[in-house]
Amino acid sequence: MPKIPSGHPDALGPITQGPAASSSPSAADPAPRKPKSSRPARRPASAPSDRPPGEPWVRPVVASTATPSQRFTFDLKPREIARHLDRFVIGQTEAKKVLGVALCDHFQHVRMTQEGMEAPFYQKQNVLLLGPTGVGKTHLIRSAAELIGVPFVKADATKFSETGYVGGDVDDLVRDLVRRAGGSVQRAEHGIIYLDEVDKLATRGDGAGRDVSGRGVQTNLLKLMEDGDVPVVSPNDMNAQIQNAMSAMRGNASAQPETINTRHILFIVSGAFAGLDQRIRSRMLGEAAAAGSADSRGALSRISRLDPDALLAEAVTADFIQYGLEPEFVGRLPVRVACHGLDEDDLFNVLRRSESSLVRQYERAFAAYGIEAVFTDGGLRSLARMAGRENTGARGLMTVCERVFRDLKFALPSARVRRFEVTGELVADPRAALRRLLKAGR
Ligand SMILES: Nc1ncnc2c1ncn2[C@@H]1O[C@H](COP(=O)(O)OP(=O)(O)OP(=O)(O)O)[C@@H](O)[C@H]1O
Ligand SMILES: [Mg+2]
């Protein structure tokens with residue numbers, strides 16, 4: 001089984017090799033991630049005059065301002081990113097493809113810029129991910145950021161207010177990146193900012209009411225999403241301001257820039273956009289009826305039968321604007337992809353195949369007391385079926401597991417049981433299974 005990269009937020013080494021862990025069907029043929037150091041050294045940036053003709057979009061600059069230690073290295077291809085994501089995230093094939101391309105485009109651009117090849121008219125490909133709760137939106141971005149090795153900040157859009165006096169200020173997101181980058185402004189300047197729950201910023205949505213503050217936050221984000229400068233020290237942070245002034249008076253001004261430029265920071269936003277599917281259906285029905293073609297009745301009935309996943313995949317800019325996002329905000333999110341809901345089979349695979357599976361967490365929890373928990377396929381299938389009924393995507397797995405294993409986790413550490421199997425029977429009635437185990441272990 002391939003190893004999860006150390007440092008991955010979900011890295012929990014397999015403790016026991018139960019059937020679930022050992023018989024994994026090649027975990028979506030994951031190519032073990034090459035350690036960065038073993039990659040072939042990238043060829044040095046070609047001198048401006050070496051470049052072949054026919055690349056007019058590249059404006060050579062005389063020298064890169066980044067020192068070698070600060071220079072960003074990136075040599076991944078979209079398929080490599082998608083394959084890495086396969087190890088942790090089940091399904092979401094389209095999202096993996098779209099993210100792979102968007103991330104490669106962006107970070108190849110950053111690398112080339114740092115190597116002295118500027119693209120003055122480059123337009124950032126910020127990403128909008130939509131889809132129901134618990135289907136892997138955050139998981140995808142977190143796993144990709146870990147692979148690329150760039151600083152990554154995640155926040156909920158709802159915590160920001162227009163003025164910054166209540167909640168937080170959107171500029172804080174950028175400053176957070178510096179913290180994540182170990183204090184390096186240069187590293188922070190090519191990080192990823194992930195903003196969840198952007199649908200809650202909608203201002204005119206029928207259900208959402210008129211939220212003026214949401215519009216203000218969208219407006220504040222506009223500049224950052226394109227090319228803005230954010231002071232490294234927050235103007236609201238009096239303590240830091242005083243320390244900075246004192247340091248400057250003592251002549252200790254650091255070599256760090258005073259502002260963080262957001263030109264190369266990639267923004268990825270996501271939201272569940274509840275109700276958007278029905279709006280899309282209405283729009284499509286209206287368009288089909290207006291077209292009045294010979295088979296418009298067939299088209300109408302086909303549209304009426306589309307499920308929410310298929311409808312979200314048809315979202316266009318006008319749908320988001322009608323939902324209540326500002327046109328300028330949606331316009332700065334040119335890459336859009338819908339994540340699909342997870343059915344029972346997906347949830348089974350989340351448990352059985354994903355390297356970040358909850359199964360590892362439970363194996364580990366029992367292994368801490370010297371107990372081997374062996375998950376059978378029947379057990380995993382029952383857990384997946386129960387989680388599917390929760391309607392919260394893979395989050396339902398945690399809810400179900402917590403309920404199923406509660407008594408076992410309480411009683412087994414003090415008992416003599418050294419091994420037990422998680423079967424469909426145990427999942428259906430954990431208390432009866434516990435009684436049997438305790439009786440047999442006596
Ligand atoms: N497709 C998936 N494959 C593997 N694990 C998943 C998948 N989807 C969700 N999970 C698991 O469920 C947890 C929650 O998923 P995640 O945070 O990505 O949900 P989300 O789509 O961002 O939901 P929300 O809209 O509520 O923020 C993850 O930590 C991961 O363990
Ligand atoms: Mg999320």
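Helices (H or I, at least four residues) and strands (E, at least two) are DSSP runs, numbered from the N terminus. Residues are numbered from 1 along each chain as its sequence is written, while chains are lettered from A and ligands numbered from 1 in the order in which they are written. What you're looking at is a predicted model, where local features need pLDDT of at least 70, side-chain atom pairs count only at pLDDT 80 or more, and totals for chains, interfaces and linings use all residues.

**View 1**
P231 is found in strand 6, which covers residues 229-231. Leave out the neighbours within four places in sequence, and P231 is in contact with E258 and T259. P231 and T259 sit 28 residues apart in sequence, yet their C-alpha atoms are 4.2 Å apart in space. For burial, count the other C-beta atoms (placed from the backbone) within 10 Å of a residue's own: 20 or more makes it buried, 12 or fewer exposed, and anything in between partly exposed. P231 is partly exposed because that count is 16.

**View 1. The whole chain, for orientation.**
The chain's secondary structure comes to 19 helices and 11 strands. Of its 442 residues, 38% are buried. Take the contacts between residues at least 6 apart in sequence, and 78% of them join residues at least 24 apart.

Two strands count as paired if DSSP finds at least two bridges between them.

Strand 5 is largely enclosed by the rest of the structure, because five of its five residues are buried. I192, Y194 and D196 point one way and I193 and L195 the other. Five bridges tie strand 4 to strand 5 in parallel, and V153 stands opposite I193. Four bridges join strand 5 (residues 192-196) to strand 8, again running parallel. Here I193 stands opposite F267, and L195 has V269 as its bridge partner.

**View 2. Strand 3, covered on both faces.**
In strand 3 (residues 127-130), V127 and L129 on one side and L128 and L130 on the other are all buried. Four bridges join strand 3 to strand 8 (residues 266-271) in parallel, with L130 opposite G271. Another four bridges link strand 3 to strand 9 (residues 335-338), also parallel, and there L129 has V337 as its bridge partner.

**View 3. The shell around ligand 1.**
A residue counts as near a molecule or strand if its C-beta atom, placed from the backbone, lies within 6 Å of it. Of the 20 residues around ligand 1, G136, K137, T138, H139 and A394 come nearest. Helix 4 (residues 137-148) gives the largest share of the shell, three residues. By type, the shell divides into seven nonpolar, 10 polar and three charged residues (Ala, Val, Leu, Ile, Met, Phe, Trp, Tyr, Cys and Pro count as nonpolar, Asp, Glu, Lys and Arg as charged, and the others, Gly among them, as polar). Domain 1 (58-273 + 315-338) and domain 2 (344-441) both contribute residues, so ligand 1 lies between them; the domain bounds come from an automatic or database domain assignment.

Q92 sits in the loop between helix 2 (78-88) and helix 3 (93-114). Its phi is near 55 degrees, a positive value in a residue other than glycine. Q92 counts as buried because it has 26 C-beta neighbours inside 10 Å. E197 lies in the loop between strand 5 and helix 7 (212-226), and its phi is near 60 degrees. With 15 other C-beta atoms within 10 Å, E197 is partly exposed.

Methods. Contact = placed C-beta atoms within 7 Å.
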